[in-house]
Amino acid sequence: MHSGAGVRSILQRELSEVPLITGIDYASVFVPDTLDEADEITAEVLLAVAARMGSTRLIDNMLVVP
């Protein structure tokens, strides 16, 4: 089992190391059915990211099964 906080931290760290990314609006882990932030990852979760490259805001998400 993984913690949502741990995965959020990894997402943010990895994104911050990409030279072209100039800002991170959010990088988080959600429960797909409720869109609440996931505390513990025991089932499918939604990874959601909004980051900036210069003046462009990139938004993406994906469902992930542990």
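Does T34 count as buried, partly exposed or exposed, and what is its relative accessibility? At 45% relative accessibility, T34 counts as partly exposed (buried means under 20% relative accessible area, exposed over 50%, partly exposed in between, with a 1.4 Å probe and protein chains only).

## About the model

This is a predicted model, in which local features need pLDDT of at least 70 and side-chain atom pairs count only at pLDDT 80 or more, while totals for chains, interfaces and linings use all residues. Residues are numbered from 1 along each chain as its sequence is written, and side-chain values use heavy atoms, leaving out hydrogens and water.

## Where T34 sits

T34 belongs to the loop between strand 2 and strand 3 (helices, H or I of at least four residues, and strands, E of at least two, are DSSP runs numbered from the N terminus). Between the C-alpha atoms of T34 and V65 there are 16 Å, with 31 residues separating the two along the chain.

## Helix 1

Let's turn to the helix. The 13 residues of helix 1 (residues 4-16) should span 18 Å at 1.5 Å a residue, and the end C-alpha atoms are 18 Å apart, which agrees (the expected span is 1.5 Å times one less than the number of residues).

Buried in helix 1 are G4, V7, R8, L11 and L15. They cover an arc of only 105° around the axis, so they lie on the same side of helix 1 (the arc is that of the directions from the helix axis to the C-beta atoms). Their cover includes strand 1 (2-3), strand 2 (23-30), strand 3 (40-41) and strand 4 (45-53). Helix 1 lies across strand 2 and strand 4, at about 150° to strand 2 (contact means heavy atoms within 4.5 Å; axes are lines fitted to C-alpha atoms, for helices over the stretch in contact, and angles run from 0 to 180 degrees between N-to-C directions).

Three strands make an open sheet, ordered 2-4-5, with antiparallel pairing (two strands pair if DSSP finds at least two bridges between them). Strand 2 and strand 5 (56-64) are at the edges with a single partner strand each, so one side of each has no neighbour in the sheet.

Strand 4 and strand 5 are joined by nine bridges. Here A51 stands opposite L58 in strand 5. Leaving aside residues up to four places away in sequence, A51 touches I21, G23, I24, D25, T56, R57 and L58.

## The nonpolar core

Twelve residues make up the largest nonpolar core, among them V7, L11, L15, V29 and A51 (such a core is a set of buried Ala, Val, Leu, Ile, Met, Phe, Trp, Tyr and Cys residues joined through side-chain atoms within 4.5 Å). Strand 4 gives the largest share of this core, four residues.
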